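This report walks through some contacts in the structure shown below.

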Protein chains: 4
Amino acid sequence: MESKPSKPSMTCLADFEDHAYQILPRNALDYYRSGADHMQTLKDNRRAYQRYRISPKMLVDVSKRDLSTRIMGKRVEFPIGIAPTAMQRMAHPDGECASARAAQELGTIFIMSTLSTSSIEEVAQAAPQATKWFQLYIYKDREVTKKLVLRAEKAGFKALVLTVDAPYFGRRLADVRNQFELPSHLRMANFVGLGDLETKAGQSGGGSGINNYVASLFDQSLSWQDVAWLKSFSQLPIILKGILRADDALTGIQYGASAIIVSNHGARQLDGVLATIDVLSSIKEAVGDRCELYLDGGVTQGTDVLKALALGAKMVFLGRPVIWGLAHSGQSGVEQTLRLIKGELDSAMALSGCTTLKSVYQDLVICPKSLM
Amino acid sequence: MESKPSKPSMTCLADFEDHAYQILPRNALDYYRSGADHMQTLKDNRRAYQRYRISPKMLVDVSKRDLSTRIMGKRVEFPIGIAPTAMQRMAHPDGECASARAAQELGTIFIMSTLSTSSIEEVAQAAPQATKWFQLYIYKDREVTKKLVLRAEKAGFKALVLTVDAPYFGRRLADVRNQFELPSHLRMANFVGLGDLETKAGQSGGGSGINNYVASLFDQSLSWQDVAWLKSFSQLPIILKGILRADDALTGIQYGASAIIVSNHGARQLDGVLATIDVLSSIKEAVGDRCELYLDGGVTQGTDVLKALALGAKMVFLGRPVIWGLAHSGQSGVEQTLRLIKGELDSAMALSGCTTLKSVYQDLVICPKSLM
Amino acid sequence: MESKPSKPSMTCLADFEDHAYQILPRNALDYYRSGADHMQTLKDNRRAYQRYRISPKMLVDVSKRDLSTRIMGKRVEFPIGIAPTAMQRMAHPDGECASARAAQELGTIFIMSTLSTSSIEEVAQAAPQATKWFQLYIYKDREVTKKLVLRAEKAGFKALVLTVDAPYFGRRLADVRNQFELPSHLRMANFVGLGDLETKAGQSGGGSGINNYVASLFDQSLSWQDVAWLKSFSQLPIILKGILRADDALTGIQYGASAIIVSNHGARQLDGVLATIDVLSSIKEAVGDRCELYLDGGVTQGTDVLKALALGAKMVFLGRPVIWGLAHSGQSGVEQTLRLIKGELDSAMALSGCTTLKSVYQDLVICPKSLM
Amino acid sequence: MESKPSKPSMTCLADFEDHAYQILPRNALDYYRSGADHMQTLKDNRRAYQRYRISPKMLVDVSKRDLSTRIMGKRVEFPIGIAPTAMQRMAHPDGECASARAAQELGTIFIMSTLSTSSIEEVAQAAPQATKWFQLYIYKDREVTKKLVLRAEKAGFKALVLTVDAPYFGRRLADVRNQFELPSHLRMANFVGLGDLETKAGQSGGGSGINNYVASLFDQSLSWQDVAWLKSFSQLPIILKGILRADDALTGIQYGASAIIVSNHGARQLDGVLATIDVLSSIKEAVGDRCELYLDGGVTQGTDVLKALALGAKMVFLGRPVIWGLAHSGQSGVEQTLRLIKGELDSAMALSGCTTLKSVYQDLVICPKSLM
Ligand SMILES: Cc1cc2nc3c(=O)[nH]c(=O)nc-3n(C[C@H](O)[C@H](O)[C@H](O)COP(=O)(O)O)c2cc1C
Ligand SMILES: Cc1cc2nc3c(=O)[nH]c(=O)nc-3n(C[C@H](O)[C@H](O)[C@H](O)COP(=O)(O)O)c2cc1C
Ligand SMILES: Cc1cc2nc3c(=O)[nH]c(=O)nc-3n(C[C@H](O)[C@H](O)[C@H](O)COP(=O)(O)O)c2cc1C
Ligand SMILES: Cc1cc2nc3c(=O)[nH]c(=O)nc-3n(C[C@H](O)[C@H](O)[C@H](O)COP(=O)(O)O)c2cc1C
């Protein structure tokens, strides 16, 4: 009996999630994990994947595999990126900078939230080689909004991810109960010196501080016209995040969107909406190859990614799993998380006879006959 | 760290329900919460909503929203009213008067039960400006019944809600086990001085006092002819409450009903009947615009209302949730309850791209393929 | 506060079942309640009813209701009879005689098992006015079998119920584990003096005594020819019990069966077979009015009966529920059980607009789209 | 009361499984029982059978039954054989030899794993009369692979079972957590003296020893060409094990496969693939009678076998159940296990009107309408 190396710690993304549940303070944990209202869609986002079964091909030579792809014209090492999530410094002091560096290290995309606790410039400096996209919320104050876009453009961000599902925020009951506030040592780093825009998330007003922030500052009149408005002053390609209907996807293409992220905001907006994987194929059918399609929501293992690829997504993004990795050990935890799921995807491809993303065949996935 | 305002108490209707379960005496609580027999339909009334998923529209300007509508020709501020429930003074000393005042305050409809513990005149006086409808049970004693109708008409009630699903009462096992009786300090306030009609619910006779009351006094020969009979002496429009089949709805229109409430009496009559939301669209399909359609049963959150609207209801009514609000703090509790769910509906509309009730689009809801 | 009458004891059939679970000795209880193998069908027999939902008619005058019907040409007060179950004296000293007397008292049918612990003649004497049918197992010893039939005929039994699903017995694991034996003070009362035929169920041989009995004495070559054989010497109409397929039902009619009991032997034979309610309508469709159709299996409440009637059964039979009633208080317990479920059926009919069994309309029941 | 014989110990295969869970060391138990990743398919392999319901025929003379069949031209006493499972000596010192002797004793097929802890020659000697097949993994070292095949051929094995679903191994999380290693007193007995090929499974390297073994030694370029390669030097018929798609089955026939085992490797490779019983009928439909079809995965009772037969399998194989039998009492335990399930199949056939495997009719099984 030789002596064994130390216990392998993390075998799947759920291990990171479990760990985060133990170490994060209640306020932050609840903010991160919650879905809207009674969280039916939150559960469904994940559980829905189980309804799609894999029908794998055998006896394909899979000794050489390539997971890379081109996204918006740029090479990505594997089709799993980082979704924009707000206020990452609550999970780890390095916050967004750590996540961006992990994306750079692994060769994937980092989407930075408007509501970051690190500024555009800080993130750009931390991960200059990473492919970075900027997620945009449109403020009532259009000048502020415009400046934000121009700063991102200048800092080397390669696309604007316009979040279309959040004219204001869904009700996350735990945040109301907790009277959630952004901890006082943190701030909305993109709005330093802009008064409420910088500080208001730190004031719960007896409810959820972040909801108050959004309700008072975001522009609820958000509409298709704003896509045109953005294009009027920014060169960046526009990606619409939060589309759940085929007709909306088609309208998006008309308004000049370069890509669409099928998303329900991690089930944080309207509880009861469809799981993202359940709408993907109908949207793919409608848009065909007229724009790139990505997906986020409930992705926690390699086979989830594989199913999304087979159903029409070119890439997927991770929201909460990245936060759990970050909470574990900053940049290193995010890297471990990404490597784990990348490895799982690699394995799932090998075991279903796929050697490249292009070779992922459509009938790899058997779709359920009924929605429930 | 600034000092926080006191804990926000109630974040959703379930919070009121939980509270009522803690404070109400067993006999009353069981009476209020029970469904018939093994309560399959009681669970299904609620759970069924989860099978209908929302497919929301994005990038509609939702900065201005209007939840008002016209019901039976009269403006209502939002499409959520108060269903008739018996004996509300068991929940709070102010009983029906408090509920009616809450409806008045918020600009919605109060339906008063025949089996109220406050009289028609008391309620009329308590909430003169409220839109009040009178729910009618037909007694064997037709003179008594007729007088009831005329009193309601005189007191300013605007419609008769004829309950058609209760020729006699379903078996609610807890009431039998509890030998439920109306507490001796309360009475059937619409029948003061009428002997059994006033007092019999206070005598369990070893079973359920209310079932005995109904079995001995209600007219089990209730039929379509009675709709004609009512129209023969009352000017009030007639609303049929308790229809679950499209053919019955059509017959109702022939007999001159002005509107229909799709209802299974809160699952208190025949266990095993379909959930109300499951029958709504087939009834809507049959009646089209020939009469207004409302629904009650299992509505406990804003998205439930939104789904009912999308499937053809012009308005919904709340039974138990109003009782839980009443038990919490009388009129104020009912108001809080109504405001909460109104707010949830408002939010659900905003997040699905609806600015008015008319703009609620039909394919907002994805219907399940199978019943189960 | 007036003083209350004593607690109403039994509000539904489940109350009797719970009671029996507390008082019966383990060996007997396990014998009665078990289904074959892993008891999937046992659960499904009951649960399946929940998948059929009721769509009730309103505003039918239901003040007068008649539950009586004609079965095999004879009036029965309500369409719920007693299925044949073996060895009833283990549940109560009065055994089959008590059950038969209860059937007589209420005006319904008692089916007596071949494997009774009271003899044909005892039962005939105990309940001379009851409509009694004799359930037949065919023994290898055909002379014995023939004599049994002739004794039943002579004793006034009105039909032969040939059990077709038991050439030998299914594996009920608890009986094997318990090494079940008929208690030594009881015997197979129809076979007194016939050696093994009387006593062998009292010998477990390390397994299940009743299975050994059946395996060594029943004729496993049971086939359609035996229907012809029975008709060759008995005038009694023959009812086939245990049919689950439409084609078998049609063959049965060809061989001269007068009626069919759709049954899976209370899920005691082959685990994994369909629930009886799930096959009823397809069999009804095949046989039409060419023979009467009955059903047993999992019926425990009035709505179960109503659903079976709507789907094509003229009558249903209760197996275990009668045993639980018997265990409670002999004849009186069986009567209470029958009265309870009769009352539930009566109520279910009233609340769905049915005044007679003939008026039970076909679309009262909404069938599930999928089997599961 | 006579004295009873000792408790009958084992009444169903689950009893053996429960027993094994109590006596096996953790490392071995986890290795045996685990499925890949989150083990959805592991549960589904079993649960899927419950979705298929039996529609049994009555009144067929079943007094004489014959469960024998011809598999690859050779008589087998009943259609249930032993699937190849690695490293059986961890369950019992007699390992593969005991299993092979049990198969010989009962007249069924033993498939020996490449990764056995007894050698080809040991097994051949232990059970010379058994029908033995050799399961083959293809190593990077093709000479080693070839020699293995030739040894098996020489030792009297009658077919090559080429496992096609394992170019490398799926992730079984428990093995990673346990840092599973083949116990040091055991070895890969077919590779004695071949260095890593003999010993590497005994080195976890901080992960799963068996996965490391496979990853470094198996040929991941495994493809259809290898079927041709095998046929180029071996006379043995080739059976493809691990096919889950109809198109792959057809390709297999083109490449000269004699039979196909529909299998997902006991859910140990790619979690989320379809349950084997769910794909069987579509594959049968495609291949018709052009090759024999077998199945493994989740078979634990007689009705599972019957369903597989009805849906197109000529035979089924048991993986884990044989291991639990082996762990119980070596050869005797495996024999008991096989006898139990053979008896269950016999009983299921009798109770559904089948007297031979040929008489198993296709509509014996009602297929679920939806996958879930
Ligand atoms: C804690 C948290 C914060 C989020 N913040 C933002 C945000 O600022 N902007 C945005 O567009 N989406 C935001 N999202 C949504 C994510 O971009 C993404 O759609 C979602 O998390 C994907 O689901 P998953 O968490 O199941 O992976 C947030 C999600 C979470 C969980
Ligand atoms: C405690 C209680 C008493 C009720 N009393 C009456 C009544 O007197 N008349 C009537 O028409 N409906 C009555 N109902 C039915 C309600 O009007 C309504 O149909 C039902 O409560 C709606 O379901 P919900 O409780 O899930 O909202 C009663 C319901 C409850 C729960
Ligand atoms: C304890 C017990 C004994 C039974 N004995 C017989 C019998 O002797 N002959 C027979 O034809 N059926 C017998 N059956 C089956 C019943 O007649 C009937 O088909 C079944 O019990 C109906 O299902 P239920 O118990 O769910 O009502 C027996 C059932 C049970 C539960
Ligand atoms: C512990 C274990 C080891 C196995 N080893 C092998 C193997 O060496 N070669 C192979 O082809 N299949 C192997 N299998 C898969 C089995 O041959 C078979 O496909 C599977 O066990 C059938 O599912 P069941 O365990 O539910 O009966 C193994 C399965 C188990 C559980």
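Predicted model: local features only at pLDDT ≥ 70, side-chain atom pairs only at ≥ 80, totals over all residues.

## Helix packing in chain B

The crossing of α13(B) and α14(B) is right-handed.

Which residues make the contact? From α13(B) they are Gly302(B), Thr303(B), Val305(B), Leu306(B) and Leu309(B). On the side of α14(B), Ile341(B), Glu344(B), Leu345(B), Ala348(B) and Met349(B) take part.

## Aromatic pairs

Over all chains, a search of the whole structure gives 68 aromatic pairs. One of them joins Tyr21(B) and Trp324(B), whose ring centres are 5.7 Å apart. Their planes stand at 65 degrees, so this pair is edge-to-face; the label applies to angles over 60 degrees. Tyr21(B) belongs to helix α1 of chain B (residues 13-23), while Trp324(B) belongs to helix α14 of chain B (residues 320-351), so the pair ties together parts that are 303 residues apart in sequence. Tyr21(B) has a relative accessible area of 33% and is partly exposed. Trp324(B), at 2% relative accessibility, counts as buried, because buried means under 20%.

Chain D supplies another edge-to-face pair, Tyr213(D) with Phe218(D): the ring centres are 6.4 Å apart and the planes are at 80 degrees. Are these two residues buried or exposed? Both Tyr213(D) and Phe218(D) are buried. In chain A, ring pairs link Tyr137(A), Tyr139(A), Phe169(A), Phe191(A), Tyr213(A) and Phe218(A) into a cluster.

## Charges over rings

In chain A, Lys57(A) lies over the face of Tyr361(A), at 4.1 Å from the ring centre. In chain C, Arg142(C) has its charged end over the ring of Trp229(C), at 4.8 Å from the centre of that ring.

Where do chain A and chain C stand relative to each other? They do not touch, and their nearest C-alpha atoms are 10 Å apart. Chain B and chain D do not touch either. For chain B and chain D, the nearest C-alpha atoms are 10 Å apart.

Terms used. Residues numbered from 1 in each chain as written. Chains lettered and ligands numbered in written order. Heavy atoms only, no water. Phe/Tyr/Trp six-rings, centres within 6.5 Å; stacked < 30°, edge-to-face > 60°. Helix = DSSP H or I, 4+ residues; strand = E, 2+ residues; numbered from the N terminus. Buried < 20%, exposed > 50% of the residue type's maximum accessible area, 1.4 Å probe, protein only. Lys NZ or Arg CZ within 6 Å of the ring centre and 35° of its normal. Left-handed = near helix turned anticlockwise from the far one by under 90°. Contact = heavy atoms within 4.5 Å.
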